[in-house]
Amino acid sequence: MMDLMASEETRTMTPPTVRSPAAHDAGKPGGASPRAWTMRLLVLGIVLSALNLRPAITSLGALLEEVRDGLGMSGSVAGLLTSVPPLCFAVFGVMAPRLARRFGAGAVVCAGMAAIATGLLVRPYAGGTAGFLAGSALALMGIAVSNVLMPVIVKHWFPDRVGSMTGLYSMALALGTALAAAVTVPLTDTLGGSWQTGLALWAGLAVAAVLPWLPFVRGRATPPGAGEEAAGATQTRSPASPSASAEHARVEAPRLRMARSRTAWALAVFFGLQATAAYITMGWMAQIFRDAGVSAGTAGLLLAVTMVMGVPLAFVIPRLATRLPHQGPIVLALGVCGLAGYAGLYLAPAAGAWAWAVLLGVANCAFPLALTMVGMRARTGPGVARLSAFAQSTGYLISIPGPLLVGVLYQHSGGWGLPIALMSALMVPQMVVGFLAGRDRTVEDEAAR
């Protein structure tokens with residue numbers, strides 16, 4: 001896979017870049033072998049990490065009814081539980097660039113995977129709703145920092161292959177999401193029917209993701225693009241002047257103020273609204289189908305179908321996006337699929353269940369598109385780090401009320417009509433701000449004014 005992507009010349013809407021030292025030396029005789037293995041290990045770490053960025057959420061969605069019964073949750077409390085992921089992503093994601101500057105991006109991602117493993121192992125057995133929420137928050141903290149740093153690592157190590165690498169880890173993320181939705185219920189039944197066991201088993205996948213990052217922790221082999229001077233070299237035109245590049249990064253990076261950039265705000269709101277739709281889907285869609293008369297196992301498979309649509313599309317959409325001068329048409333196409341899927345859920349949730357699952361799966365591919373635009377709307381490593389933190393943290397703050405409000409509407413209305421109407425209404429502004437975020441602009445031009 002690395003050799004295939006190494007031959008690709010992806011247009012990323014950025015000026016000519018200089019590869020990171022590791023990537024540059026990889027092509028030199030005598031230095032190719034160790035550097036090649038470093039890059040392959042990095043790709044493995046990215047893929048395994050991406051596989052772990054959603055099972056904590058979709059495994060819970062598949063067993064939400066059992067968890068509610070086991071912990072004695074009301075519909076409103078369950079809605080609060082489905083709002084915890086965006087809350088944690090907003091609170092902890094903003095810390096990622098600072099942590100990466102201090103410890104290195106590789107070390108932070110490695111610690112994030114360890115936090116995911118610990119949280120997933122602890123939360124089913126912590127006892128009571130409060131303990132379950134605390135364990136979930138620990139796992140989600142690890143997911144939050146990794147969410148922010150994935151685009152930064154890709155921008156730094158693969159500056160000319162942003163589309164391909166974003167597509168690769170987005171595809172892995174979608175695969176992990178779908179896998180957890182599809183197999184959690186069958187595995188739980190096979191292992192004795194305990195929802196605690198069904199949730200805890202996903203800790204093993206997170207443990208595996210820790211291992212590839214260990215060399216990057218020891219040697220800080222991945223210079224953190226999250227605000228480090230070395231990452232500023234991605235905009236340097238002369239590879240012979242690294243000290244000048246570092247000095248330029250020190251001078252320019254602090255002057256970036258994302259709140260001044262209309263593009264950054266458009267991308268943040270787009271990210272928030274697509275996250276709202278995604279977490280409502282992951283947290284509640286299986287329950288919608290179960291309330292319509294679909295069995296628990298089939299409802300889990302339908303949720304898996306929605307998630308698995310992102311596997312091929314998450315690889316195709318970023319590559320397509322980097323070749324277009326404006327990503328707005330892709331945003332509109334995904335939004336139309338989402339509106340059609342919501343209409344189907346309202347009119348015939350059981351009869352057309354598979355079709356609605358596919359349509360909503362296509363709509364959920366707004367996530368890899370948003371990640372791709374983060375890499376395209378900034379020219380430098382520090383710019384990507386700041387934009388990623390701003391867009392994701394602000395976006396996840398915006399998304400917090402959505403899943404909670406769905407739970408409240410569901411409990412007090414006694415049906416899914418009002419929640420589905422809310423989902424449909426939110427899709428319209430998502431399409432508008434996504435279209436604006438897709439314009440060919442960079443935050444450096446706007447945030448430094």
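**An all-helix model, from fold to salt bridges**

The protein has 24 helices and zero strands, where helices (H or I, at least four residues) and strands (E, at least two) are DSSP runs, numbered from the N terminus. This is a predicted model, and local features need pLDDT of at least 70, side-chain atom pairs count only at pLDDT 80 or more, while totals for chains, interfaces and linings use all residues. Residues are numbered from 1 along each chain as its sequence is written, and side-chain values use heavy atoms, with hydrogens and water left out.

Of the 449 residues in the protein, 58% are buried; buried means under 20% relative accessible area, exposed over 50%, and partly exposed in between (1.4 Å probe, protein chains only). Contact here means heavy atoms within 4.5 Å. Among contacts with a separation of 6 or more, 84% come from residues 24 or more positions apart. The protein exposes about 16,200 Å², with carbon and sulfur atoms supplying 67% of that area. Accessible areas come from the Shrake-Rupley method with a 1.4 Å probe, and for residues only the protein chains shown count as cover.

With 21 residues at 1.5 Å a residue, α23 should span 30 Å, and its end C-alpha atoms are 31 Å apart, which agrees; the expected span is 1.5 Å times one less than the number of residues. The buried residues of α23 include Pro419, Ile420, Met427 and Gly434. Packing against the buried residues of α23 are α15, α18, α20 (366–376) and α22 (401–413).

There is also a nonpolar patch on the surface, formed by Leu332, Leu339, Val428, Val432, Phe435 and Leu436, with about 450 Å² of accessible area together. Patches are made of residues with over 30% relative accessible area and no salt bridge; like charges are joined within 9 Å, and nonpolar side chains (Val, Leu, Ile, Met, Phe, Trp, Tyr) within 5 Å. Leucine 436, found in α23, is partly exposed at a relative accessible area of 37%.

Over in helix α15 (residues 262–291) sits glutamine 287, which counts as buried because its relative accessibility is 6%. Leaving aside neighbours within four places in sequence, glutamine 287 is in contact with Glu65, Tyr410 and Trp416.

The salt bridges come to three, a salt bridge being a side-chain nitrogen of Lys or Arg within 4 Å of a carboxyl oxygen of Asp or Glu. In one of them, glutamate 66 meets arginine 290 (3.4 Å, N to O). That pair links distant parts of the chain, with glutamate 66 in helix α5 (residues 64–71) and arginine 290 in helix α15, 224 residues apart. Glutamate 66 is partly exposed at 29%, whereas arginine 290 is buried at 17%. Another joins aspartate 445 and arginine 379 (3.1 Å, N to O). Aspartate 445 lies in helix α24 (residues 443–447) and arginine 379 in the loop between α20 and α21 (381–399), so this bridge ties together parts 66 residues apart in sequence. There is also a bridge between glutamate 446 and arginine 441 (3.9 Å, N to O).

As for disulfides (pairs of cysteine sulfur atoms within 2.5 Å), a search of the whole structure finds zero. Cysteine 365 is in no disulfide, and the nearest cysteine sulfur, that of cysteine 337, is 9.4 Å away. Cysteine 365 is buried, with a relative accessible area of 1%.
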